[in-house]
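Hi,

Here is the structure I promised to pass on. Have a look at it first, and my notes on what turned up follow below.

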Amino acid sequence: MMKRRLLDLMLLGVFVFGCTPDQSSLPEPDRIFIKYYGGAKSDEAADFLVDDDGDLRYVIFAASNSQEIVGERGESNTDFVLIFADKAGNQINSIRSYFPDTGGESVVCKPKRIIKATAGGFVMAGTIEYSGQSDMFVAKVDADGNLIGTPWFNNSTQVEVANDIVEVSDGFLVVGSTGTGNSKEALMVKLGFNVEEVIWTKADGYVDVSDEGISLVPTQNGNRALMIVNTNQPIDGEGGVSNGNLAVYDFETNTTQAPNPALLGLLGLDELNEVAVRVRKISDSEFYLIGNSVGVNSTLTKPFFLRFITSSSSANIVADNIFDDLAGVTVEDISRNVTGDFLIVGSGVINLSNGLQMLLCKLDPFGVLDIGFGNGGSGFPAYQFGSLGDETGAAVSELPDGGIGLLGTIALDNNANTLIGFIKTNRNGVLRK
């Protein structure tokens, strides 16, 4: 099931292992912690980043309907929230909440991604649901969480979803989808730096095929971008629309008119339905992504990994893996550490646990699962974080001092209400120095 391109991998190994730092020279984190944030109702984690302008702090993007946080709106609304925490994970000041002006209609806010703006402050993107419709939503705040201008949302009559946002050379680019079923198309929206100005909008997809823009990364100093689209378009005419594949697009971003993205290739693995989750870049021509796959005749989810290179006209896989050892696990995020290894976070029911566990796994530079990375004696290649309820992973990143940051949604002791959980481990995924 696992495919290898030997020549590409040999060349890749020269590059990766030739520049891997000595483990003994890596920093050790100064603090290890588990922190919870939220109120008495439901709080949902989405994404976080490290802000190192001045004293290091963590900025966490989430949603809440807890009235201690959003006030009386919590009775019928779920708002976006930002949490600021110091380097020890302690909450700084009150949790900030944000919501769109929907004319008094009840709204459910679903957070997705937060990024740090080059000019300062932060930009967050998600989806809002109200009056039987859904729209992309983008807001910009300053370093203290105060809104800059008016949050943007598309106010469309279609079903729209925001999945990712990046900064490009002359604004911000949001990607997601519009429509449903086989009428779903990938949707891109370019906004000005104030996020109130729409520069262009582009909806694109194959006829009678479901297409959803999932993730993108800027290249060439933000003048271009690479986008991953989940599509049912078959590779080489095989597989039919029942097979999910990944379309890789490249396009120019510094334009005042919507571009026509160039399809570099359709990537897929064997007889699988693949759904990408996140793409990140190593360089302007080399990328990696994580996702979840299901066999055509199966209902069991297995995570998968792709590492690929691009040219001006093609995208080619140089390393891929489907993780049979993680059958039943759903992954949500991936990042790369200073040694060239990959960290992934997800969730699954492990060893007859009472609910979903948040899981941290490690892959080598070729995407091979580190089967020795995990809780001692569990027989499962992941560190597991959880109690009696459902814990779902949302985001992962190596931290500046060498620790690993994990963000997730936590249901303590099987409680129906949830909290936002932020975990910092040492560089080996262990909750001790």
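**Strands and sheets**

Strand S8 (residues 133-141) and S9 run antiparallel, joined by two bridges. Strands here are DSSP E runs of at least two residues and helices are H or I runs of at least four, numbered from the N terminus; two strands pair if DSSP finds at least two bridges between them. Across from Phe-137 you'll find Phe-153 in S9. Both strands belong to an open sheet of four strands, ordered S6-S7-S8-S9 with antiparallel pairing. Its edges are strand S6 (108-116) and strand S9 (152-153), each of which pairs on one side only. As a reminder, strands of a sheet pair through backbone hydrogen bonds, either parallel or antiparallel.

Before you go further: this is a predicted model, so local features need pLDDT of at least 70 and side-chain atom pairs count only at pLDDT 80 or more, while totals for chains, interfaces and linings use all residues. Residues are numbered from 1 along each chain as its sequence is written, and side-chain values use heavy atoms, with hydrogens and water left out.

Another pairing to look at is S14 with strand S15 (residues 224-231): they run antiparallel and eight bridges join them. Gly-213 stands opposite Val-229 in S15. The two strands make a hairpin with four residues between them, and Gln-220 in the turn has a positive phi of about 50°. Strand S14 (residues 211-219) is mostly covered, with eight of its nine residues buried. Buried means under 20% relative accessible area, exposed means over 50%, and partly exposed is in between (1.4 Å probe, protein chains only).

**The whole chain**

The protein has two helices and 28 strands. Of its 433 residues, 55% count as buried. It exposes about 17600 Å², with carbon and sulfur atoms supplying 47% of that (Shrake-Rupley areas with a 1.4 Å probe; for residues, only the protein chains shown count as cover). Taking contacts (heavy atoms within 4.5 Å) between residues at least 6 apart in sequence, 53% join residues at least 24 apart.

**Core and rings**

Rings of Phe, Tyr and Trp (its six-membered ring) pair if their centres lie within 6.5 Å; planes under 30 degrees apart are stacked, over 60 edge-to-face and the rest tilted. The count by this rule is 13 aromatic pairs.

The charged end of Arg-73 sits over the ring of Phe-99, 3.5 Å from its centre (the rule: NZ of Lys or CZ of Arg within 6 Å of the ring centre and within 35 degrees of the ring normal).

Tyr-249 is in strand S16 (residues 245-252) and counts as buried because its relative accessibility is 11%.

Leu-369 lies in the loop between strand S24 (357-363) and strand S25 (383-385). It is buried too, with a relative accessible area of 10%. Beyond its neighbours within four places in sequence, Leu-369 has contacts including Phe-323, Leu-326, Cys-361 and Pro-381.

Cheers
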